[in-house]
Amino acid sequence: MTKKRLVYFDHAAATYIDRPVRRAMRPCLNRVYGNAGSLHSFGRMAKNYLDGARQQIAGVLKAQPTEIVFTGSGSESDNLALLGVARRYASQGRHLITSQIEHKAIQQPARRLMADGFEVDFLPVDQSGLVSIDQLIGRLTDQTTLVSIIYANNEIGTIEPIAEIGHQLAKVRADRRQRGIKTPLFFHTDACQAAGYLDLEVDDLGVDLLTLNGSKVYGAKGVGLLYVRSGVELQPLAFGGDQEGGRRPGTENIAGAVGLGAALELAQDLKDDESERETQLRDYFIERLLSQIPQVVLNGHPRHRLPNNINISVLGIEGEAMLLWLDHYGIAASTGSACDSERLEPSHVITALGRPHQYAHGSLRLTLGRRSTKREVDYFMSVFPGIVKKLRGMSAVNYE
Amino acid sequence: MSKDVVSGDQNWAYSDKVKDHFFNPRNFLNEDPPAGQFDAQGQVGSLACGDIMSIWLKIDPDQDRIVDLKWRTFGCASAIAATSVFSEMVLKNGGLTIEEAIKISPSDIMAELGGLPARKVHCSVLADKAFRQTLNNYFRIRGQHNRIITDGSRVIDLDLKITEQEVVEVIHQGAQTLEEIQARLKVGVGRPEVKAEIEKLIEKHRGQESKPFCPRQKP
């Protein structure tokens with residue numbers, strides 16, 4: 001059989017485990033098998049590895065090791081942040097603010113809280129996907145206990161002004177103190193997509209809670225973490241163990257945690273060079289897409305966007321049909337089209353940009369990674385215009 | 001396709017037949033047809049829902065037989081494949097009669113495709129709907145109003161046998177005013193009570209381009 005050429009442009013969905021990360025994890029898949037809670041030497045060895053990972057991550061975030069809570073995924077961390085804080089402080093305030101373009105792991109728990117009688121504001125975004133800080137501040141009340149805004153959006157790659165929001169919220173906190181209002185105001189961000197490219201130091205960002213996971217930063221799947229600033233209390237989602245300070249019970253995933261530590265450290269080491277390289281490749285890719293295919297628009301912000309994110313809408317055709325053709329040529333991509341979702345709903349992110357539905361149905365996300373090359377982009381551009389032409393030729397929508 | 005690019009053996013959710021019709025669609029309308037090439041055209045679906053299907057028919061009036069059917073589809077792979085396979089079913093052996101073709105049900109299309117993922121079923125339902133819409137337009141052009149298929153929807157124009165469903169379909173496709181709807185359907189010309197009825201439907205369904213309303217989709 002002829003070898004099929006494979007091109008992976010779906011790094012925002014999942015990354016491979018990079019070599020140094022695999023190397024760091026290896027002992028934990030082998031001789032380190034004790035339970036980190038056990039007193040004997042096997043347990044102590046596991047505990048050492050776990051502590052090491054915690055310390056390593058605290059170093060990356062410039063945080064304390066006790067502030068790192070390992071979880072099973074980014075989604076779990078988001079749930080823990082939102083539900084954990086809202087429920088713990090419900091007696092002091094029952095109002096939350098988030099945005100219309102959050103990951104579903106924020107959106108759905110927020111809806112859950114609304115059903116439980118909480119008030120949630122979903123901030124609109126502008127056409128490029130940016131939240132307005134003025135609007136955010138304007139929505140705050142003295143009952144607001146939590147603000148959660150995604151650091152960089154997973155679909156369109158727009159980077160939100162997290163540090164600036166953190167700075168403004170600090171002023172609101174100071175004002176509350178002055179007025180003798182005891183209700184705390186916490187700030188959470190989901191940084192899963194941002195981790196490989198942006199600053200993660202929690203004090204610079206002014207965040208109290210921050211979500212990260214392994215599967216987007218060349219670590220393993222099945223491991224995530226929530227940074228929880230000292231003094232912030234959480235009502236856990238599950239009960240039955242004292243692990244992670246009682247905030248997340250369950251025997252620890254040592255291999256996952258060690259991999260996440262190695263992955264985050266590597267990501268921060270590579271951050272500057274890789275951001276520059278991928279930004280150049282991204283802009284080359286976008287330029288070719290927009291200039292070679294008529295009726296294509298870029299979704300998201302032209303500059304405030306992740307170095308690896310390209311999201312376009314190809315008018316007149318549907319995303320799933322594009323994906324199948326691309327897959328036929330060995331290319332992996334993703335779409336916000338309703339046809340590709342279990343619920344048959346178009347992407348809430350593209351829709352929130354104020355674009356017509358057609359833009360969501362015809363959206364295509366291409367996300368680059370450490371191994372992506374110009375040759376791969378050129379290969380993509382050698383097949384994609386033909387796919388578009390073919391699908392438009394049989395489309396009932398006149399795209400002109 | 002270059003030598004090193006071959007289709008792999010991925011285990012897709014779609015059947016081989018669906019893939020075949022998606023990658024090699026039959027009977028789609030390649031170029032806009034000159035006037036007179038077809039006897040009728042019809043369209044269902046909306047951009048809000050994410051599926052739009054158009055069908056063109058050429059009918060032999062003496063035999064009441066469909067001698068040509070072409071289509072265009074905006075939609076996912078299964079919508080494209082379903083329309084393609086439907087066109088083959090209608091055109092086989094020189095074309096079915098109208099009476100025979102009307103009997104093709106969504107489950108017949110499904111069976112012909114070798115099944116579809118459960119959440120994709122609504123797409124195949126669209127092919128027979130678009131076909132009936134086109135047939136109705138044909139019946140209107142021929143003045144055969146007694147043959148119009150109403151599918152259980154409320155008939156709001158008794159002269160032309162136009163249903164509420166048809167009017168709503170046109171509103172979803174972007175018609176905003178009574179005049180625009182009349183330009184498309186000729187509905188209620190000279191009947192004030194029908195016009196009032198349509199105004200009500202516009203009021204109710206206008207602007208749903210921005211708020212999806214997809215009756216074909218499962219809730």
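Are Arg54(A) and Glu244(A) buried or exposed? Both Arg54(A) and Glu244(A) are buried (under 20% relative accessible area; exposed is over 50%, partly exposed in between, with a 1.4 Å probe and protein chains only). This is a predicted model: local features need pLDDT of at least 70, side-chain atom pairs count only at pLDDT 80 or more, and totals for chains, interfaces and linings use all residues. Residues are numbered from 1 along each chain as written, chains are lettered from A and ligands numbered from 1 in written order, and side-chain values use heavy atoms, without hydrogens and water.

**Salt bridges**

- The whole structure holds 27 salt bridges over all chains (a side-chain nitrogen of Lys or Arg within 4 Å of a carboxyl oxygen of Asp or Glu).
- One of them joins Arg54(A) and Glu244(A), at 2.8 Å from N to O.
- Arg54(A) sits in helix 2 (residues 41–61) of chain A and Glu244(A) in the loop between strand 8 (224–228) and helix 8 (254–292), so the pair ties together parts 190 residues apart in sequence. Helices (H or I, at least four residues) and strands (E, at least two) are DSSP runs, numbered from the N terminus.
- Asp116(A) bridges to Arg87(A), with the closest N and O atoms 3.8 Å apart.
- That pair links the loop between helix 4 (104–115) and strand 4 (119–123) of chain A to helix 3 (residues 74–88), 29 residues apart.
- Asp116(A) is partly exposed, at 30% relative accessible area; Arg87(A) is partly exposed at 30%.
- In chain B, Arg26(B) and Glu88(B) meet at 3.0 Å, N to O.
- Arg26(B) lies in the loop between helix 1 (16–23) and strand 1 (40–46), Glu88(B) in helix 2 (residues 77–91), 62 residues apart.
- Arg26(B) is partly exposed at 22%, and Glu88(B) is partly exposed at 30%.
- Shared partners join Arg173(A), Asp203(A), Asp208(A) and Arg229(A) into one salt-bridge network.

**Aromatic rings**

- There are 14 aromatic pairs over all chains (Phe, Tyr or six-membered Trp rings with centres within 6.5 Å; planes under 30 degrees apart are stacked, over 60 edge-to-face, the rest tilted).
- Tyr33(A) and Phe42(A) have ring centres 5.7 Å apart and planes at 45 degrees, so the pair is tilted.
- Tyr33(A) is exposed at 59%; Phe42(A) is partly exposed at 43%.
- Phe9(A), Phe285(A), Phe380(A) and Phe384(A) form one aromatic cluster.

**Charges over rings**

- Arg94(A) lies over the face of Phe118(A), 4.4 Å from the ring centre (NZ of Lys or CZ of Arg within 6 Å of the centre and within 35 degrees of the ring normal).
- Arg370(A) lies over the face of Tyr218(A), at 3.7 Å.
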